[in-house]
Each structure stands twice: as structure tokens, then as C-alpha cells.
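Here are my notes for your review. Please read them alongside the model.

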Amino acid sequence: MTITNQAELDGMKAIGRIVANTLRDMAAAMEPGMTTRELDEIGRDLLAQEGAVSAPKATYRFPGTTCISVNEEIAHGIPGERVIARGDLVNIDVSASKNGYFADTGATCIVPPPDPAKARLCRDGRRAMEIGIAKVGAGKPLAGIGQAIGRFASARGYTLIRNLASHGVGRSLHEYPGEIATWPDRRERRRMTTGLVFTIEPFLSTGGMMATDGKDGWTLYCEPRAPVVQYEHTVIATRRGAMVVTVPS
């Protein structure tokens with residue numbers, strides 16, 4: 001999607017706020033002993049209150065409203081009877097639509113008490129996303145995003161999952177410009193146009209390189225096995241840089 005007028009911008013800001021508020025409130029409600037299904041039900045109710053529709057459920061018939069991935073699960077985890085425990089890494093990914101506009105956001109949380117190594121990974125995962133966002137702007141190369149994130153990860157001894165990429169979003173959950181690498185990709189030659197809407201979502205790991213499919217047909221796991229965190233915002237490329245629309249209010 002490319003933003004061309006104020007109505008489109010307002011629509012993206014509205015759904016961006018909804019998914020951001022949902023993510024924030026789900027993270028605040030998470031506690032040891034609850035199941036991922038119970039956490040997902042909180043997200044379901046929050047989206048319903050705003051008149052928003054779960055994007056993975058509507059687009060792909062995903063079994064849950066949100067994706068909740070715990071520890072060895074790194075993405076697309078199905079909410080169910082898994083019990084959240086102290087010290088778990090829990091990734092919450094919220095994407096939804098309203099009035100024809102789609103936004104996508106996510107974050108990895110640690111269930112207290114936090115392990116120092118996991119806490120550091122989370123801090124650096126969020127920083128990796130922010131570094132990618134800083135490279136967004138009309139006329140800038142898309143490759144600059146992955147190059148900057150890659151330099152950051154390499155300098156701190158991390159790896160990046162190289163088959164889970166950022167993507168276009170706006171009028172549907174996944175759209176042009178398709179996959180946008182959050183790792184260095186010498187083949188990328190495209191440039192951001194004014195108003196282009198897409199996500200920034202690096203998967204930072206302490207050794208993982210690829211995401212592999214699980215037996216349920218949805219959940220993805222790290223190969224080789226290692227802790228992974230993901231942070232995600234939906235952004236719009238402008239002449240002044242990135243406009244982040246998935247900001248809670």
C-alpha cells in the first residue's frame with residue numbers, strides 16, 4: 001500500500017493504534033499459570049471491542065486470534081493449552097484490520113523473574129528493530145534496513161533468522177513489496193517510495209539461522225535451536241523518515 005491522502009493515513013493510524021493497544025494490554029495481562037489460549041482470548045476481546053478483525057484468522061484461517069509463541073516456538077504459535085511459566089520468552093504477534101486497513105505489530109516478553117541473558121536479548125532485539133526503522137525514508141534503499149540490522153547483530157555476537165522477513169502491509173496482511181530482508185542482502189535493489197507501508201521485524205537470536213516448520217502446520221521453530229526474539233512495527237516511509245503507526249495511545 002502507498003498512502004496518497006489523509007483518509008488513508010487516518011485509516012492506517014486507527015488500526016495501528018488498535019493492534020498496538022491490544023499488544024500492550026495482552027503483555028500486561030500475561031502471568032504465570034495462564035494458558036496461551038487464555039491470553040489469546042484477551043486479545044480477541046480487545047480487538048472485538050474496537051470493531052477490528054483478526055488478520056491471520058480472516059486471511060489464512062489461523063486457529064487463533066493472535067499468534068503466541070513460547071520459548072522454542074519462534075513464530076506463528078497456535079494459542080492452546082500450553083501453560084505460561086516463570087522465565088518463559090513469549091512472543092505476541094497482533095495483526096488486524098478495520099475499514100479495509102491492516103496493521104501488524106509484535107513483541108517478545110519475559111515472564112518474571114527475567115533471566116539476565118534473556119533480558120539482554122530482548123533489549124537488543126528491540127534495538128535491532130529501532131535501528132532498522134531509522135533507515136526508513138522515501139528514496140532510501142530497502143537494503144539499508146537489513147545492512148544496518150546485520151551490522152548491529154554481528155557486532156554483538158548475534159545471528160538473524162534469514163527466512164522470516166519484513167513485508168508490505170496496508171490493504172492486506174502481506175502485500176508489495178513482498179519480503180524485505182532484515183539481514184544483509186546484496187540482491188536487494190529496490191528503493192522506498194513516498195507513502196510506502198510495510199513492517200520492520202527482525203528475528204534476533206543467539207545462534208539460530210533459519211525457521212523450520214512444526215508438525216501442526218503453523219508453528220515455526222529455530223534451527224539450530226537457540227533463543228529468538230522478535231519486535232515489529234508497521235511504518236510508513238516519508239521524506240522525513242519513518243512514521244510508526246503501531247503506537248499505543
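1. Arg190 is partly exposed, with a relative accessible area of 26%. Here buried means under 20% relative accessible area, exposed over 50%, and partly exposed in between (1.4 Å probe, protein chains only). Glu188 falls in the buried class at 13%. The two side chains form a salt bridge, N to O at 2.7 Å. A salt bridge is a side-chain nitrogen of Lys or Arg within 4 Å of a carboxyl oxygen of Asp or Glu.

2. A word on the basis. This is a predicted model, in which local features need pLDDT of at least 70 and side-chain atom pairs count only at pLDDT 80 or more, while totals for chains, interfaces and linings use all residues. Residues are numbered from 1 along each chain as its sequence is written, and side-chain values use heavy atoms, with hydrogens and water left out.

3. The salt-bridge count comes to 10. Side chains of opposite charge can pair when their charged atoms come close. One of the bridges joins Glu130 and Arg127, at 3.7 Å from N to O. Both residues sit in helix α4 (residues 116-133), three residues apart, about one turn of the helix. Helices (H or I, at least four residues) and strands (E, at least two) are DSSP runs, numbered from the N terminus. Glu130 is partly exposed at 36%, and Arg127 is partly exposed at 42%.

4. Another bridge pairs Arg44 with Asp45, at 3.2 Å from N to O. Arg44 has 42% relative accessibility and is partly exposed. Asp45 is partly exposed too, at 36%.

5. Which aromatic pairs does a search of the whole structure find? It finds one. The ring centres of Phe62 and Trp218 are 5.2 Å apart and the planes stand at 90°, so the pair is edge-to-face. The rule takes rings of Phe, Tyr and Trp (its six-membered ring) with centres within 6.5 Å; planes under 30 degrees apart are stacked, over 60 edge-to-face, and the rest tilted. The pair links distant parts of the chain, 156 residues apart. Phe62 lies in the loop between α3 (55-60) and β2 (67-70), and Trp218 in the loop between β11 (210-213) and β12 (220-223). Phe62 is buried at 3%, whereas Trp218 is partly exposed at 27%.

6. Check Ser166 in strand β7 (residues 166-168). Ser166 is buried, with a relative accessible area of 1%. A polar atom of the Ser166 side chain lies 3.2 Å from the backbone oxygen of Thr199. Leaving aside neighbours within four places in sequence, Ser166 has contacts (heavy atoms within 4.5 Å) that include Gly178, Ile180, Thr199 and Glu201.

7. Now the backbone. Most residues other than glycine have a negative phi, and most peptide bonds are trans. The Pro112 to Pro113 bond is cis, with omega near 0°. Pro113 is in the loop between β5 (101-110) and α4. The Glu223 to Pro224 bond is also cis, with omega near -10°. Pro224 is in the loop between β12 and β13 (228-230).

8. Two non-glycine residues deserve a look. Arg61 has a positive phi of about 60° and sits in the loop between α3 and β2. Arg61 is exposed, at 75%. Asn99 has a positive phi of about 55° and lies in the loop between β4 (89-98) and β5. Asn99 is exposed at 68%.

Technical notes:
A polar contact is a pair of N or O atoms within 3.5 Å; within protein, one must be able to donate a hydrogen and the other to accept it, and residues adjacent in sequence count only if both atoms are side-chain atoms.
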